[in-house]
Amino acid sequence: MKVKRTEDDPSAETRTDGGSGQFDWRGETTTQISRWDRYKEIYEERIYKPALVAWDDSRTRWGSLILLFYVLIALVALLDLWRFPATSQAARWMQPWPWGSLAYPLGTTKSGTDLAALLIHSTPYILILVTAGAIWATGIAVFVGTVSGYKGGTVDSVLMSVSDFFMAIPGLPLVIVLAVAFSPENPVFVGVIITINYWAGLGRSLRSQVLTIRENNYVEAARTMGTSTPRIIFKDVLPNLMPYVTVNAVFAARYTIFASVGLYFLGVLPYKIQNWGVTLNLAYNSAALFNVDYAYYLIIPMLAIMLLSFGFILLGQGLDRVFNPRVRTRMAGETESTVEDDDEDTGFTEVM
Amino acid sequence: MSTNGSTEQESKIRTDDPIIEVRDASVTYDDGTSYVLDHASIDVERSEVLGVVGESGSGKSMFASAMMDAIPDPGVLSGKIVYHPDEGEPVDVLALDDEELREFRWEEVSMVFQGAMSSFNPTMKIEEHFRETLKAHDAPVEEGMSFARELLEDLYLDPKRVFDVYPHELSGGMQQRALIALSLVLEPEVLIMDEPTAALDLLMQRSILMLLHELQQKYNLTMVFITHDLPLVADLADRMAVIYAFQFAEVGPRDEVVGNSGHPYTRALLNATPNIEAPLEEMRPIPGDQPAPINVPSGCSYHPRCPLSTEECEEVDPSFYDVEGDHVAACHHWEEAQEEIDLHLAGDDDGAVASDGGVDDE
Amino acid sequence: MLNYLTKRTARVFVTIWAVATLSFGLIRLLPGGPFTQLRIQLLRQGLPAEQVEERIRNLQNIRPDAPLWQQYLDYMGALVQGNLGVSIRLDEPVVEVVANAAPWTIFVVTVSTILVFAIGISIGALQAYWEGSRFDKFFTGLSMGALSVPFYVLAVILLFIFAYNLGWFPTSGRYDHSIENVWSLAYLVSVLRHAALPIAAYSLGAAGGQALAMRGNSIQVLGEDYVEVARLRGLSDSRIATRYVGRNAILPMYTGFLLLLGFRLGGTIILEQIFTYQGLGLRLFQALNQNDYPLMMGTFLVITVVLVLGVYVADLTYSRIDPRISQGDEGEAY
């Protein structure tokens with residue numbers, strides 16, 4: 001059997017890949033892609049399509065709407081569109097609207113304060129608190145998890161020991177001690193303190209995900225090419241973590257609400273304006289527990305808390321779907337291949 | 001869509017001693033609007049190795065699952081599949097009830113999937129997989145386990161080592177061999193293999209094929225080997241079947257199908273097989289794409305891509321034509337195909353059809 | 001393996017030491033200094049000023065006027081001997097207060113956490129089995145709702161309905177104090193009645209979360225090849241459900257279990273307050289309010305030790321359950 005060698009064939013040019021020069025099978029397929037096209041592509045892939053899928057899912061839709069509702073309420077408060085709460089501004093123990101008056105749609109408290117005003121005016125504070133807590137917890141977790149998982153070695157050991165230490169301490173008692181020590185009033189500060197040890201668990205699971213991503217070929221390739229570590233982390237590692245991170249950020253928000261309201265309820269955190277937890281506390285300590293007529297005083301703040309949490313949970317569950325490739329292609333109306341990643345479930349770490 | 005139900009067709013498909021007869025097997029996921037297996041008919045001869053070759057998405061995996069009545073939900077399988085055991089009455093596989101089906105599977109007909117790693121329970125040791133399979137079929141456990149050890153040794157695995165580990169502790173090749181042993185532990189008559197070597201490196205592929213050959217001889221198995229890689233199975237197979245667009249295009253003895261194929265698709269497929277030594281300009285991909293189930297062309301499903309297609313091809317779906325002896329092809333113009341489409345097989349100097357019809361791989 | 005065991009055990013001690021140090025430091029942060037209160041109290045009781053310092057030293061094993069590092073050493077020394085000082089308000093050794101309170105907290109947290117997982121896993125598994133059915137949809141909605149309700153809100157609601165208004169359950173306390181015989185059936189019943197609402201409040205919300213997680217995991221496992229192969233191999237449905245689907249779906253939940261444990265132990269500080277249930281949480285809270293630093297430090301430390309030990313046990317058993325994890329760094333449950 002005769003093997004045709006390229007040296008024997010005088011018409012062939014030598015090429016490094018062993019092929020003959022007459023057949024430029026690569027040339028036909030490359031086209032120039034303009035920068036504008038690239039941006040358009042990025043927009044489509046990263047923003048438009050996920051948003052489309054997200055909006056299609058009723059859970060994300062409702063979740064976002066609920067959150068939007070709260071932001072609107074916060075705006076109402078910030079723009080002073082509703083009266084400020086004050087004691088004795090109306091008759092005591094007024095029932096909520098169908099039974100009471102429209103001017104005080106949620107009724108009034110034991111000391112004659114407008115319940116609606118109480119809830120509305122504390123909304124901005126709570127929202128800032130929750131956002132700060134969620135961003136802080138997730139941010140630190142991403143940083144620790146990524147650096148620790150990617151770098152390995154001593155950096156890893158040190159970061160994980162610190163992380164373990166924070167995980168070993170039961171969250172709320174530590175927060176309470178810090179709260180008593182520092183008496184924080186700034187909502188951002190409160191948010192940060194509350195999540196002081198929440199990030200540790202998230203950081204750990206992010207780290208194990210990074211450990212897997214790190215083994216991928218493109219990461220190794222980037223390393224070999226001499227790409228700097230921060231760049232690798234940003235462009236190769238982080239995008240793969242985003243699904244997990246977004247879903248968990250939402251649950252960090254939920255935890256922050258629960259913990260903060262709980263602590264206000266306990267009376268541990270100081271407050272300038274009564275917020276939902278404080279209102280709940282006052283309701284708990286008033287006659288509302290014993291008297292069905294006054295139950296609204298308890299129920300309405302509870303509903304405010306629960307609705308916000310529900311909004312976050314809906315959003316979280318919906319976002320989970322966004323990052324699931326099989327759902328995505330059905331929604332965006334294409335048939336991409338249904339190759340499945342072998343990553344673990346993008347489940348949330350639910351606490352409390 | 002044609003039905004090969006007439007007696008004329010039947011005689012073309014029928015073999016001497018079929019162990020499994022498949023007639024008009026069809027699988028649909030949307031109540032008959034489209035088919036992912038389109039009235040396929042074939043016989044599997046006892047103790048033979050049947051190689052089923054087709055591209056990804058041609059319906060070959062559906063065919064494999066159909067023989068065990070294991071089409072994933074919500075697919076609906078219709079047609080007739082008859083199993084002929086050594087002794088006893090023929091079994092209508094699709095009419096079996098749940099319990100009978102449970103006994104049928106793995107005791108008579110067994111299957112090996114692609115991707116052995118994902119076929120094992122990651123939290124169970126290999127040994128336990130064997131034990132529980134034996135117990136589930138009320139087979140004597142100790143005897144079964146020593147047979148399992150024998151099988152593993154036939155596959156060049158050390159039973160002591162393999163039994164005591166978890167699946168992830170074995171290499172890919174070892175997993176595949178362990179899976180083959182697991183599928184044979186109840187001494188089935190027929191072993192169906194769906195791309196068993198796709199995830200393995202070339203050397204491992206070759207050695208597993210050799211092992212399969214030895215096993216087939218030793219235990220007198222009937223094997224149905226499903227793959228996209230024609231040259232891979234060509235050595236091992238006694239007969240070959242080519243599947244295209246959810247139907248069988250050509251069936252016949254190996255030498256015939258490879259050396260003297262009648263169907264233009266088969267010939268194009270043979271030509272498309274890459275050969276490391278050939279220069280780039282001799283690469284001959286088949287132009288066009290395989291149809292999706294929902295838009296299978298009318299008439300002959302290959303006609304849009306076929307250089308020989310005529311009006312007849314666009315209107316009439318060909319049934320099997322006799323090419324030679326047991327060799328049949330579903331093409332109106334198979335004679336023309338043999339004359340006009342040259343075969344450029346590995347090892348040829350100048351591209352003419354190899355005269356002995358065999359695949360020459362030194 | 002042994003190496004891992006020793007390393008892991010050493011870590012328990014290191015962690016406890018670190019937390020003890022932390023609590024030492026934290027308490028110093030709190031306003032008023034650790035012994036201001038005690039000093040005032042002792043003076044009020046009529047103790048001559050010179051003897052106050054001496055008395056503090058005896059009670060709390062710390063020389064208040066010594067430099068900080070010396071106070072630290074005194075503290076650690078006493079700790080190692082099991083001496084946590086004396087509660088200022090209660091005038092009892094902290095160890096006794098803790099020993100009285102701890103079993104109750106551990107009881108409530110353990111039972112409720114077990115319930116969370118028992119309920120969550122069962123419902124989640126059934127949901128996956130009947131995916132898409134009304135059962136599934138109903139419980140998904142219910143679980144999401146349950147997740148939206150903080151346990152303290154649920155606690156107040158349960159108190160409101162079942163204790164204050166219907167009177168089926170007591171509104172506070174750990175047991176009926178009028179029952180003398182600790183070993184009688186009546187006593188046991190009273191313990192259960194008093195613990196019922198706290199446990200219910202603490203379980204139902206979190207169970208919803210675990211149901212959702214189990215459902216997700218199970219659905220994913222059901223789509224795995226080995227489940228289909230097991231079916232083809234002729235294994236029975238119950239075998240597949242438990243050994244194939246169940247086992248593999250539960251494994252990822254282990255991490256969540258550990259994290260939950262930590263937050264639940266800490267959460268007792270709120271739960272016990274609502275139910276006036278004298279466990280570690282309530283004691284810690286009261287101590288905080290009363291500036292009772294020795295008791296504060298003591299309860300904080302004990303809660304942490306319980307958590308560290310719980311995680312330690314879980315860590316060691318996890319690798320036996322999931323064979324994919326080899327001993328060593330990946331032997332961690334996270």
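1. The radius of gyration is taken over C-alpha atoms, and the globule rule is 2.2 Å times the number of residues to the power 0.38. Chain B, with 362 residues, has 21 Å; a compact globule would be near 21 Å, so the two agree. Its C-alpha atoms fill a box of roughly 65 × 45 × 35 Å along the principal axes.

2. This is a predicted model, in which local features need pLDDT of at least 70 and side-chain atom pairs count only at pLDDT 80 or more, while totals for chains, interfaces and linings use all residues. Residues are numbered from 1 along each chain as its sequence is written, and chains are lettered from A and ligands numbered from 1 in the order in which they are written.

3. Of the 362 residues in chain B, 44% are buried (20 or more other C-beta atoms, placed from the backbone, within 10 Å of the residue's own).

4. Chain B has 13 helices and 12 strands (DSSP runs, H or I of at least four residues and E of at least two, numbered from the N terminus).

5. Within chain B, strands E3 (residues 49-53) and E9 (residues 239-244) run parallel and are joined by four bridges. B:Leu50 stands opposite B:Arg239 in E9(B).

How values were computed:
A residue is buried if 20 or more other C-beta atoms lie within 10 Å of its own, exposed if 12 or fewer, and partly exposed in between; C-beta atoms are placed from the backbone. Two strands pair if DSSP finds at least two bridges between them.
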